[in-house]
Amino acid sequence: SAMDSPPAAQCGRRAHPRLRLHVRVQVITLDGQAQAILENVSATGARIATQLPLKPGMSCILRVAGLELLADVSWSADGRCGLAFDGLLAQDRLLALRELAQQTPTELQLRKEWARNFVNGTLRDRKSVV
């Protein structure tokens with residue numbers, strides 16, 4: 001029965017679904033700050049890609065679109081790290097991040113647009129190469 005089934009964490013399932021994104025964020029620590037890519041997010045945490053050397057146990061702030069999210073680094077490997085939020089991320093903030101992700105063009109989309117404009121001779125600024 002449903003009462004006998006183990007909790008989601010014991011089954012290898014996440015307690016909160018993750019939303020895949022590709023959104024630029026700012027990471028702020030006591031040691032410095034840098035740009036990062038928010039790759040996925042849930043109510044309890046996120047995964048980012050950054051060149052900032054983050055180590056498990058460090059605290060940081062993710063700043064994106066007027067939001068400031070306090071988090072602790074859970075793991076770090078190969079320029080990526082997992083973050084655990086200080087508290088549950090409210091549903092309205094998750095929806096705001098999803099909306100931002102849908103409005104933000106991906107790097108691939110920007111490159112395709114640049115190439116299309118180059119081929120059509122409508123490239124306005126040669127310095128805008130992505």
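Trainee: How many salt bridges does this predicted model have?

Mentor: Start with the general idea. Side chains of opposite charge can pair when their charged atoms come close. In this predicted model, the count comes to three salt bridges.

Trainee: Which residues are linked in a network of salt bridges?

Mentor: Glu39, Arg47 and Arg80. Glutamate 39 pairs with arginine 47, with the closest N and O atoms 2.7 Å apart. Glutamate 39 also pairs with arginine 80, again with the closest N and O atoms 2.7 Å apart.

Trainee: Is glutamate 39 buried or exposed?

Mentor: Check the relative accessible area. Glutamate 39 has 12%, so it counts as buried, the cut-off being under 20%. Arginine 47 is partly exposed at 31%. Arginine 80 is partly exposed too, at 38%.

Trainee: Which residue forms a salt bridge with glutamate 68?

Mentor: Arginine 63, with the closest N and O atoms 2.8 Å apart. Glutamate 68 is partly exposed at 44%, and arginine 63 is partly exposed at 36%.

Trainee: What does leucine 38 touch?

Mentor: Look past sequence neighbours. Leucine 38 sits in strand S2 and is buried, at 2%. Its contacts beyond four places in sequence include Leu21, Val23, Ile48 and Leu97. Isoleucine 48 is 10 residues away in sequence, yet 4.6 Å away C-alpha to C-alpha.

Trainee: Where is confidence lowest, and where highest?

Mentor: Helix H1 has the lowest mean pLDDT, 47, and strand S6 the highest, 94. Over residues 1-11 the pLDDT is below 50. The chain averages 79.

Note on methods
Residues numbered from 1 in each chain as written. Predicted model: local features only at pLDDT ≥ 70, side-chain atom pairs only at ≥ 80, totals over all residues. Heavy atoms only, no water. Helix = DSSP H or I, 4+ residues; strand = E, 2+ residues; numbered from the N terminus. Buried < 20%, exposed > 50% of the residue type's maximum accessible area, 1.4 Å probe, protein only. Contact = heavy atoms within 4.5 Å. pLDDT = per-residue confidence, 0-100. Salt bridge = Lys/Arg side-chain N within 4 Å of Asp/Glu carboxyl O.
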